Amino acid sequence: MGRVAGGELTSTYGTVVWDGIGTLRIRYAGSPAGLDPLTGSLRTRLGERVLPVEALQAVEVRETGFRLVLRDGADPLQAVTGVDVLSDPYDFPGADPAVAERVAGEIRRTLTRRDVPAAAARWLVAPPAAPDRIEGRDATLAVAGGQLTFKYHRSAGRKKKALGDPWSVPLAEIVDVEWTPAQGRLGARGFLRITTGAPVDVRPKPKHDPAAMLTRRQADVDALFFAARLLTRIRP
């Protein structure tokens, strides 16, 4: 009998299952010790992710574990966060090196056979589920009828409401979505901000920017999921 393809890697932060054909299934292990609260909350909320092998650029096996390197433009979640804002959700320390090497070898051979390019032409990983409306510290954002609408709260200042209240922008005019969590210095505020094609000489701080929403305390993951889904709406 031939060797059975596929395999399951158990790591400190979750389990990676390779079906031996073309799909990886990631099951996160909640919020294990050693993770910062935001990263732990993110992994708990993600629960499980399914990745087609075409979403991968490479597989790394190190003494410390196993890491999946995704192609640029494959995952909207990673496109919004970048790889430095949060601990990499595709890094799995503590995996058995022998199993990791075998699974990595199978994945690499599959990638070679399929001749996967470095950048993806479309999203290959689904964004996390998110509602069409999210409430922040100074505004509420809602997607409906092909538009994103900012409805500013009473506490928002005059500069925030400079473009109108509410202010709506067609999704087709949004070129990028930015998300930053409330991490770092004391009093730091997280925000979700869009960029449109309109020229801007100097970008205001998020507190004064009509195209930004300050996120609520401990709601950074909600804003991240909303941002990732919004990104897939403007870049199918």
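Q: Quick one on Asp 115: is it buried or exposed?
A: Asp 115 counts as exposed in this predicted model, because its relative accessibility is 64% and the cut-off for exposed is over 50%.

Q: Where does Asp 115 lie?
A: Asp 115 is in the loop that runs between helix H3 (97-114) and strand S8 (133-135).

Q: And what is the phi of Asp 115 near?
A: Phi of Asp 115 is near 50°, which is a positive value in a residue other than glycine. For context, most residues other than glycine have a negative phi.

Q: Which loop holds Gln 218, and what is its phi near?
A: Gln 218 sits in the loop between S14 and H4, and its phi is near 65°, again positive in a residue other than glycine. With a relative accessible area of 77%, Gln 218 is exposed.

Q: Switching to peptide bonds: is the one from Asp 165 to Pro 166 cis or trans?
A: The bond from Asp 165 to Pro 166 is cis, with omega near 5°. Pro 166 has its place in the loop between strand S10 (147-152) and strand S11 (167-170). Most peptide bonds are trans.

Q: OK, now Asp 209. Buried or exposed?
A: Asp 209 counts as buried, because its relative accessibility is 3%. You will find Asp 209 in the loop between strand S13 (191-196) and strand S14 (212-214).

Q: Which side chain does the side chain of Asp 209 make a polar contact with?
A: That partner is Arg 203, at 2.7 Å, side chain to side chain. A polar atom of the Asp 209 side chain also lies 2.9 Å from the backbone nitrogen of Ala 211. Setting aside neighbours within four places in sequence, Asp 209 is in contact with Lys 160, Arg 193, Arg 203 and Pro 204.

Q: Since you brought up Ala 211, what does that residue touch?
A: Beyond neighbours within four places in sequence, the contacts of Ala 211 include Phe 150, Trp 167 and Arg 203. Ala 211 is in the loop between S13 and S14, and at 7% relative accessibility Ala 211 counts as buried.

Q: Last topic, the helices. At what angle do H1 and H4 pack?
A: Helix H1 (residues 37-46) and helix H4 (residues 220-234) pack at about 55°, with their axes 10 Å apart, so the two are oblique to each other. H1 passes H4 in a right-handed crossing.

Q: Which residues meet there?
A: From H1, Leu 38, Ser 41, Leu 42, Arg 45 and Leu 46 meet Asp 220, Val 221, Asp 222, Leu 224 and Phe 225 of H4. The residues of this contact are six nonpolar, one polar and three charged.

Definitions and conventions:
Residues are numbered from 1 along each chain as its sequence is written. This is a predicted model: local features need pLDDT of at least 70, side-chain atom pairs count only at pLDDT 80 or more; totals for chains, interfaces and linings use all residues. Side-chain values use heavy atoms; hydrogens and water are left out. Axes are lines fitted to C-alpha atoms, for helices over the stretch in contact, and angles run from 0 to 180 degrees between N-to-C directions. Helices (H or I, at least four residues) and strands (E, at least two) are DSSP runs, numbered from the N terminus. Angles under 35 degrees count as roughly parallel, over 145 as roughly antiparallel, 65 to 115 as roughly perpendicular and the rest as oblique. A crossing is left-handed if the near helix is turned anticlockwise from the far one by less than a right angle, and right-handed if clockwise. Contact means heavy atoms within 4.5 Å. Ala, Val, Leu, Ile, Met, Phe, Trp, Tyr, Cys and Pro count as nonpolar, Asp, Glu, Lys and Arg as charged, and the others, Gly among them, as polar. Buried means under 20% relative accessible area, exposed over 50%, partly exposed in between (1.4 Å probe, protein chains only). A polar contact is a pair of N or O atoms within 3.5 Å; within protein, one must be able to donate a hydrogen and the other to accept it, and residues adjacent in sequence count only if both atoms are side-chain atoms.
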